[in-house]
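Hello,

Here is the structure I said I would pass on.

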Amino acid sequence: MTTEHTLDRIANREILSCMPETPIVEAARQMASLRCSSIVIVENGLPVGIWTERDALAIDFTNPASVRRPISTVMSKPIKTIHASTSVGDAGVRFQMEGVRHFVVIDDAGHPVGVVTQSDVILRHGVEHFLVLRNVASAIKRPMVMIGDQAPLTEAVAEMRAGQVDAAVVMGERGEAPGIITERDVVRIIASGGEVPARVGLIASRPLISMNKNDSLLAARNMLEERHIRHLAVTDDDGTLIGLLSFSDILATLQYEYVQRLDEALRERDEALLKSRKDLHLARKVIEASLDGIIICSPQGLIEFVNPSFTLLTGYAYDEVIGKNPSLLKSGRHDETFYRAMWDTLAAEGVWQGEVWNRRKTGEIYPEWLTINVIRDEDGRITQYAAVFSDITERKRTEERIKNLAYFDVLTGLPNRRLFTDRLQIAIANAHRHDHQLAIMFLDLDLFKRINDSLGHGIGDRVLVETANRLSHCVREGDTVARLGGDEFVVLLPEIDHIEDAAKLAERIIAHVKMPFQVTDHELYVTTSIGIAVYPDDGTTAETLIKNADTAMYRAKDLGRNAFQLYTPAMNARSFERLAMESALRHALTRNEFTLVYQGKVNLVNGQMSGVEALARWRHPEMGMVSPVEFIPLAENMGLISEIGAWALKAACHQCKSWHELGLPKVRIAVNVSTLQFREGDIPSLVTEALAESGLEPHYLELEITESVLMARVDDVSQVLRDLRAMGVHVSIDDFGTGYSSLSYLKKIPIDALKIDRSFVADIEDGTGDGAEIVSTIIDLAHNLKLRAIAEGVETAEQADFLRSKGCDEIQGYLVSRPVSGEDLISLFDRDLLPGA
């Protein structure tokens, strides 16, 4: 295998270049004149972009003025570069992965020293012995583009661009031989001033040079070089045209062949070692000359022989290991299961091969590729074990380098577009399977170009690296930050509970990015615009989500930059509204914005008030009265519900005590306790404190809990309820029938009442529906358990009559009174609230 050259030996040192303001037509003339496939755009001595024959396909030939535009408007940027010390083989890998045909070659200082193309790599790779083993047909991977002789140029260019090919076959008419049109032909038309021929046949090159599909790739490469062309037609045995062969196709085949031949060489080495065991003298000569480390062990597993390469690789001399067990090389990285499986394979198959981490005499741990063979005599008895190993540290580094080139951004170390897209597709599949949301954020640094233009790309690169660090510190474990290129970044949130989660992260990122950057002597300020797209609302594919997030990002820029926008406008407004409400809710208690209203409970027998339920309300100075339906779930998510609940309990106790002191009938006041409050707080201590501060007697306080509280931790909850019962406090089950309580629990826990949920009461109708049956059952259940039955949401006299007929003890709802202030409730104490009761 030949030694690979580096790019500084094969790069074209004469760089064709022009200024950014150069018209496209003039740049094309220079390229056509010198038969050059690219031109580098230079400004202030530095390359800022490149224009290639591939880019020529994007010119609008329907508009003659398009070729007069400055080259800077159509150039590709940022420019793709490669270091001069890169090997030709690694350059081939880069060409394959990045899908380009040109690299600007740079030195250690980042200055351009030449240009290298795919053709240069093919012609100078030094692997002709591989190409001769492959035929032309094996390299044909892409369908060829064919177009009629009479077709207009614009159609030919469009089809080449759509098929992502650099040439198309032009079919002859009336027996005329087929021809070919290439990107180079398009450049020549641009160079002529954009004068478009009437039909593509007028500029097609004829005849179309061809080779049989069974000819070797080496012959094809030599013909391309001798004829100074870049494409060959490939024909079947009967002369039928079956494809086009280009340098790109040969390069793709070369990388595959390179690896395949290496594997074959390693396999042949192992086979040679096995064959040589019958001649010990010859085997020793081969072993001693081998660059691989070799160990021969006895049937008992003790070392009998090592070759010089063993000492070179491990640091152990011959005399230090003879008679010892090879376990002295163990690194500690593999457990007993690993070694047991190795010996099981040796016993069953006679050979084991794999990657092992071992330890040198210096203590350094290194990876090696190890092959162990069992050597048997004519009777099948094991006589020796032969192990061959090689240090694969460099191979592992090469694999890691190739992996990083394929999946990670070289500058920032973040995942690149390919890896981000892979993770996004996995996240979409997971979100679809588990029915949850995910979000992606598209970020662009505002006015970043000014830093590059004024301070240079070196400073700009350091800003990008610091930006990547700041973004990585903002996200959660499991989120992905990636760089798509330039100053564009994306963030993947694979699972979110609320759209506001993405909005909060966007605000955090904006705040972190706008902090000053200290780069050498420069204090720089950068802001970012962010677009957010949410699955599944804004798209169900990776392409759609990225496109929509990009659209939202541009909307953020249009609205003034340094901000974020969600793709869906309604979602955007809802997000801002929720964020504003969260901010206001955090200060509502300290600003005394909460108040209590009270709704009476009525005894169905005498029509008199029998109790009062306290209900929290939030009166915001700008939003007005905020419904509990909105702020209670929000307070639970924010962890504020325990503070609000404690305030409500104490305020209700004070209000009830004040009614008693006014000489009003002494009724019990009920206060709701949330599941989170029950889980996080010490309810008995809180109740004791509230009663002590207000002076209210315990039996005038009733706590209302939901069935979910009971089901959370039955034993713990039962103990808390027993503590409350010992204090004299009453407990009722709120919204009974809507949860998942087991009736056996109701017999075990100390409660006083069941409150029938309003949804069942609303369905009573005329007493014959399902609601009537459910309500009757709950009333009977309560009485059988010696509990009071209380109906919520009673709005009509018919409902009250039905409940009275079924023996319901108390009712609550708009029929009695709407929730009112503590002062307004006073007038209801002595009133008959159910005339006719």
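Helices (H or I, at least four residues) and strands (E, at least two) are DSSP runs, numbered from the N terminus. This is a predicted model, in which local features need pLDDT of at least 70, side-chain atom pairs count only at pLDDT 80 or more, and totals for chains, interfaces and linings use all residues. Residues are numbered from 1 along each chain as its sequence is written, and side-chain values use heavy atoms, with hydrogens and water left out.

The pocket

A pocket here is an open set of points on a 1 Å grid over the protein atoms alone, where a 1.4 Å probe fits, with protein on both sides within 12 Å along at least five of seven lines; lining residues have an atom within 4 Å of a point. The second largest pocket has 40 lining residues, and Arg35, Ser119, Arg184, His228 and Arg230 lie nearest its centre. The largest share of that lining, 5 residues, comes from α4. Other elements that supply at least two residues each include β2 (38-43), α7 (183-191) and α9 (247-275).

The strand

In β25 (residues 594-603), 8 of 10 residues are buried, meaning under 20% relative accessible area with a 1.4 Å probe, protein chains only. Strands pair if DSSP finds at least two bridges between them. β25 runs antiparallel to β26 (residues 609-620), with 9 bridges joining them; glycine 600 has valine 612 in β26 as its bridge partner. In this hairpin, with 5 residues between the strands, glycine 607 takes a positive phi near 75°. β25 also pairs in the antiparallel sense with β33 (residues 810-812), over 3 bridges.

Regards

Notes: Buried < 20%, exposed > 50% of the residue type's maximum accessible area, 1.4 Å probe, protein only.
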